[in-house]
Amino acid sequence: MIPAALAIARVKFVLELRRREVIFAMLLFIAATIVIVHFALSGDTGAGSRAAAGMLWAAVVFTAVLGLLRTFAAEQEEGALDALLLAPIDRAAIWIGAALAQFGFLVVVEVVAVPVWWVLFFQAGGPSIGTVVVALLLANVGIALVGTLAAALALGARTRDVLLPVLVLPLVIPIVLAGVTATYGAFGEEVGGFRPLGFLALYDLVFAALAWGTSEHLLGD
Amino acid sequence: MRSLGRLSTTIPLVLSTILIPLTVALAFWWTPEDFDQGLSQKIFYFHVPIALTSYVAFAFGAFSAAMYLWKRTEVWDLRSYVGVHSGTIWGTLVLLTGPIWAKASWGVWWNWGDRQINVFLILFLYYCAYFMLRFSLDEGERRRSASAVFALLGVGLIPLSFLAVRIAQTLIHPVVFTSDGAAMPNSFLLTFVVGFAGMLSLMVLLISTEMRGKRTAARVLQLQRVARGEDA
């Protein structure tokens, strides 16, 4: 199953390298979101503020949803999904492969966006960057897991693009809560970011288990 | 089977007709007025039982979803839908009665520091999305399994939300309202239990009535098809 999942993830990366339709859009989107949140909270997101730290999480979650809209899109448009479903591989492999690709896209976007966010808002006196990076990595796993799961559920829906954000956002509220808490906990001298990091790991495990258990029902027959 | 179906509506009908007015009577004429909150505390006998009952309905929906994925019989899909449906209706009541109580006792309509109501809000948003998912899929096997998987995931979301809200509270702002603290007098507790039993029987009544309605509708459709000679 692992080789199949890796192969599916690789296909998605190759496609992305050739077509460049998701990651660039995500990058522009996260930049615009950060600017919008900054102006929306005008005054509260000055350099070094906690609101500036929290807004990264809002931006990441919305950007992830944008990326998720294209999961399975290529397969569906080119009719490859039926072939994948007929292939003698575990259903879970399709979902894990898509989640891996989604995780990778998020990491690429964050590698660019987080330094920019840091330079724009902190320079000095921000949260410890190590904690933020670990929290983001754990959160990416969770977002990719539940996001791909929701994308698979919404696959046959008439209003798929409208539906997906509505399905994903309530599911990732706990991730945002824990991510923001970890970020706040890592400000300056304060310590105590470990419990939210542990929570993020727990979230990943719980939803990985739930998704695994239900994966044979996910993509339809 | 048919008599059992009738009993499943008659018993809760009788129980809720007795218990809910009884709760009103006990709450207003028997329990003493709360020393701290005064008259506004009476909403406790309605708000909290409604909230607990809607959790029960969501749990029933999730349990039925798991049963559907296991047994693959349509009736479990219907039960799961009806459970989530009733839970959401009652959830709306929770989100309406909660702010009334909050305004009366804390002076604000909404308190972001309160754990229960925030978790409930997340859960409510989540299960509202269930209907969007369900009704944008065409009727059939695909819709039934997708709805079941989604209903089931809520079981993971509830404890995780509780945990996340608690962790966030300890770090971001101090916990202002801890759990009840003072023990309830017996009259409070008894009224609360009567209220909870009343709400539960009303919920059972609603669920079994909706189930009967759905089954009748399905049967009518089937008979119409037979009458048109489409299939037997």
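This is a predicted model: local features need pLDDT of at least 70, side-chain atom pairs count only at pLDDT 80 or more; totals for chains, interfaces and linings use all residues.
The mean pLDDT of chain B is 84, with 89% of the residues scoring at least 70. The model has an ipTM of 0.87 and a pTM of 0.86. Residues are numbered from 1 along each chain as its sequence is written, and chains are lettered from A in the order in which they are written. Local features need pLDDT of at least 70 and side-chain atom pairs count only at pLDDT 80 or more, whereas totals for chains, interfaces and linings use all residues.

Helices are DSSP runs (H or I, at least four residues), numbered from the N terminus. The axes (lines fitted to C-alpha atoms over the stretch in contact, with angles from 0 to 180 degrees between N-to-C directions) of H3(B), residues 74–106, and H4(B), residues 115–135, come within 10 Å and cross at roughly 140°. H3(B) and H4(B) are therefore oblique to each other, a class left after angles under 35 degrees (roughly parallel), over 145 (roughly antiparallel) and 65 to 115 (roughly perpendicular).

Chain B places 29 residues in contact with 31 residues of chain A. H5(B) contributes the most to this side of chain B, with 20 residues.

How values were computed: Helices (H or I, at least four residues) and strands (E, at least two) are DSSP runs, numbered from the N terminus. Two residues are in contact if their C-beta atoms, placed from the backbone, lie within 7 Å. pLDDT is the predictor's confidence in each residue, from 0 to 100.
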